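Please work through each task before reading its solution.

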Amino acid sequence: MTVKEIRKTFTDFFASKGHTIVPSAPMVVKNDPTLMFTNAGMNQFKDIFLGNAPAAAQRVADSQKCLRVSGKHNDLEEVGHDTYHHTMFEMLGNWSFGDYFKKEAIAWAWELLTEVYKLPKDRLYATVFEGYAPDGLGADEEARAEWMKYLPADRILDGDKHDNFWEMGDTGPCGPCSEIHIDLRDDAERAAIPGEQMVNKGHHLVIEIWNLVFMQFNRKANGSLEPLPAKHVDTGMGLERLCMAIQGKKSNYDTDVFTGMIGAISRLSGVAYESDTQIGVAMRVIADHIRAISFSITDGQLPSNVKAGYVIRRILRRAVRYGYTFLGFKEPFLCRLVPQLIADMGEAYPEIKAQEQLVTRVIREEEEAFLRTLDKGVKLMDNILQKNRDSKIIGGVDAFTLYDTYGFPIDLTELIAAENGFTVDMDGFNVELGKQKERARNATAVENGDWVELHPFTSCEFTGYDTLETEAQLMKYRTVKAKNKELLQLVFDRTPFYGEMGGEVGDTGTATSASGEVVKILNTVKENNLTIHIAERIPADTQGHFTLQVDAARRQKIANNHTCTHLLHQALREILGSHVEQKGSFVGDQYFRFDFSHFERLGDDTIDVVERRVNALIRENFPLCENRNTTLEEARKEGAMALFGEKYGDKVRVVRFGDSVELCGGCHTRATGTIGLFKITGESAVAAGIRRIEAVTGLEAEMVVDSMENALRAAKAFFNNAPDLAGAIQKMISENDDYKKKMEDIFRERTALLKRDLLSKAREIDGRRVIVVDYMVDPQMLRGAALMLQNETENMIVAAAYEAGGKPQLLLMYSSDLVKAGKNAQADVKEAARSIQGGGGGQPGLSTAGGKNLAGLNDALETLIACATR
């Protein structure tokens, strides 16, 4: 079976068991502060497990794009060095939300693996939870009893809490799990050491292929467990490992998941694949990483220096580094592998094909930038090697500076060091790395308390599209500590407050209790489908009804700006072309920014055209037309565009202003005329093929125009209100250039005069011709004269110690023949500068120094002459 057949067989099997087959969620997670990437198939169902959203179907199955590189699931450094670790992988999964449980989950897993995929039964093992006394948990005898129907007792193994008790995080839903392992070793190896002794021992051919998680508890902040109101099943099976087992391979990379890509890398590099060498490691790294990089960009995450973008940049640079070091790539190559990736995965995930041009351009630009970094890093390494040539050790601080400041990989530092007979102080490096991680942890550390539930909670109704004031009941709250500050998170049954989501900032306002106590709402966020109101304190009366009031003036500004992003999107597509697509946005009350696909900067004339078009759309005063409860298919028929990287529910909201039709859940103004004025304040590049416009509307736009007019009036006044201001400025610039050239000519003439004057004062000291300068002189002119003398004379020295601008100055020049004979002005000036409490620098032929101690000038001059004539 091919990988495509294996994937389809899985979904067809569970469809036959009454499961709804759902599409993969984007690999890049949005609107969840606890996750950057989808790292498990269950992520898109978190809200259901947490009880914050109802399940659209009780039985679900899918194939989910996942990425594991950081935090708890940090597999990055193993990728390429073994046969089964990956950054991006596909997770096949089936779920039950309060429907079936252990019996059916185990029975269907066994049926699919042995009857459909035809995996040999005698090579399969199951693990069950052995219990954990501190949590008051006994062994999972229910799961064991089910497995006894299919496996002998010696192939049902106990597993501890680490391996067989799955938890979503420090708090939240959790439960025992049952792993299915397969022994792919040769018969002789199996006979020598039974498979049950190798399960969970790290052997690359005795591996877990499927994990069946039985969620039946909730972990509270104090560590205790409580039963969930409904029991769920969450299973996950790595497609790559399953392919290895079904296709009879010894490595995931030998399956057709990767062989096409490895072949493309081999052809591109002109190097044959050798699995057991560094060449093989490099090709596996690249074959894995190109998937993670490309799908992340497709799902809307561009490489950057922060958060999720930093992770993608790190993966990309790791791939480039391996290609650079072991395959001889000195030019961008990852971007040339995108067509092969599309051939491999484009059928299952058509979004990668649709975004091919963008993905290719972004990767190429990132590669070019990092290859420049590598060249710069190699030069810095040369300096570090020279500095430490005696000790033959590169210090931990130097290694970390290369890594942290210049993006130079530590393993490449080690490689270059070893090639030159050096070692790297890895202990020192790790100390510096630990300090950095500790700083990052402290900056982001958040301590959440348990939710205090005042009333049974199912969901929160959002009323903010229609009203800014709502009567509501406080359903639950908790305390959150971050950066030594304690805040309260409040959840109501109804709210007009919009939670930060989709690039739009959250609302602020007040919550007033029945007794009249007013609590300020500092921000509103969306987390796990909860609308969370951030407050500094909890109201005294938590039981009565509250009046929730959004800051209306601030909301109106946000709504104006959000609507304007839609009008801007329309205008850009009209003016630049239909290739323009939104790639991100930020909508606040003071300004907004809009990222879009386009492959060149917008000139001033184009920006003017865009501004005029958007302002014309505003003046049309198009009313808001919305459909809050339609399907994605119906929305597309209306002309709404679905954005790549967005996860849409069963029902979507369509927002229309005139010809602008978009899928959007944000807050909008009632008619475009309320926006007032639109003004672009900046246009720049975000990444290859991605441009960013920053803009303001309404009062903020008027303030920008006022500022520009004030600056223009001031400039006109400076030129006596000249009618042609641009011409007057150009005339001044031209005249200034003329004056500058004349001054340069005068400077050269005076420098030549000074040279002749100095030459006339040369005297012989110990066989050397020495010019002594101990009077005030222009430093630049003296330097120019000294350079002339250096090139025009032999056996000549200029030693100067003088005052300039109230500070002591030194200059020492040796003619070229003296430098060749071993004289070094840089070293001699440094010695003399001690007398003026200063330091200097330059070249062996000409060096200067400045200092603080004017009284030391005579001593400094004597030192200069002594050094020069010895």
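A salt bridge is counted where a side-chain nitrogen of Lys or Arg lies within 4 Å of a carboxyl oxygen of Asp or Glu. The model examined here is predicted, and the structure holds 46 salt bridges.

**Exercise 1.** Determine whether Glu700 and Lys557 form a salt bridge, and state which parts of the chain the pair ties together.

*Solution.* Step 1: the N to O distance between the two side chains is 3.1 Å. Step 2: the cut-off is 4 Å, and the side chains of Glu700 and Lys557 do meet in a salt bridge. Step 3: Glu700 belongs to helix α20 (residues 698-718) and Lys557 to helix α17 (residues 552-576), so the bridge ties together parts that are 143 residues apart in sequence. Step 4: Glu700 has a relative accessible area of 12% and is buried, whereas Lys557, at 28% relative accessibility, counts as partly exposed.

**Exercise 2.** Explain how Arg748 and Asp745 are placed relative to each other in helix α21.

*Solution.* Step 1: the closest N and O atoms of this salt bridge are 2.3 Å apart. Step 2: Arg748 and Asp745 are three residues apart in helix α21 (residues 725-760), so about one helical turn separates them. Step 3: Arg748 counts as partly exposed at 47% relative accessibility, and Asp745 counts as partly exposed at 36%. Step 4, on networks: salt bridges with shared partners join Asp122, Arg123, Asp183, Arg185, Asp187 and Arg190 into one network.

**Exercise 3.** Classify the crossing of α17 and α18 by angle and handedness, and describe the contact by residue class.

*Solution.* Step 1: the axes of α17 and helix α18 (residues 604-619) come within 9 Å and cross at roughly 130°. Step 2: this angle makes α17 oblique to α18. Step 3: the crossing of α17 and α18 is right-handed. Step 4: residues of α17 including Cys564, Leu568 and Ile575 meet residues of α18 including Val610, Arg613 and Leu617. Step 5: the contact of α17 with α18 comprises twelve nonpolar, two polar and two charged residues.

Technical notes
Residues numbered from 1 in each chain as written. Predicted model: local features only at pLDDT ≥ 70, side-chain atom pairs only at ≥ 80, totals over all residues. Heavy atoms only, no water. Helix = DSSP H or I, 4+ residues; strand = E, 2+ residues; numbered from the N terminus. Buried < 20%, exposed > 50% of the residue type's maximum accessible area, 1.4 Å probe, protein only. Axes fitted to C-alpha atoms, helices over the stretch in contact; angles between N-to-C directions. Parallel < 35°, antiparallel > 145°, perpendicular 65-115°, else oblique. Left-handed = near helix turned anticlockwise from the far one by under 90°. Contact = heavy atoms within 4.5 Å. Nonpolar A, V, L, I, M, F, W, Y, C, P; charged D, E, K, R; others polar.
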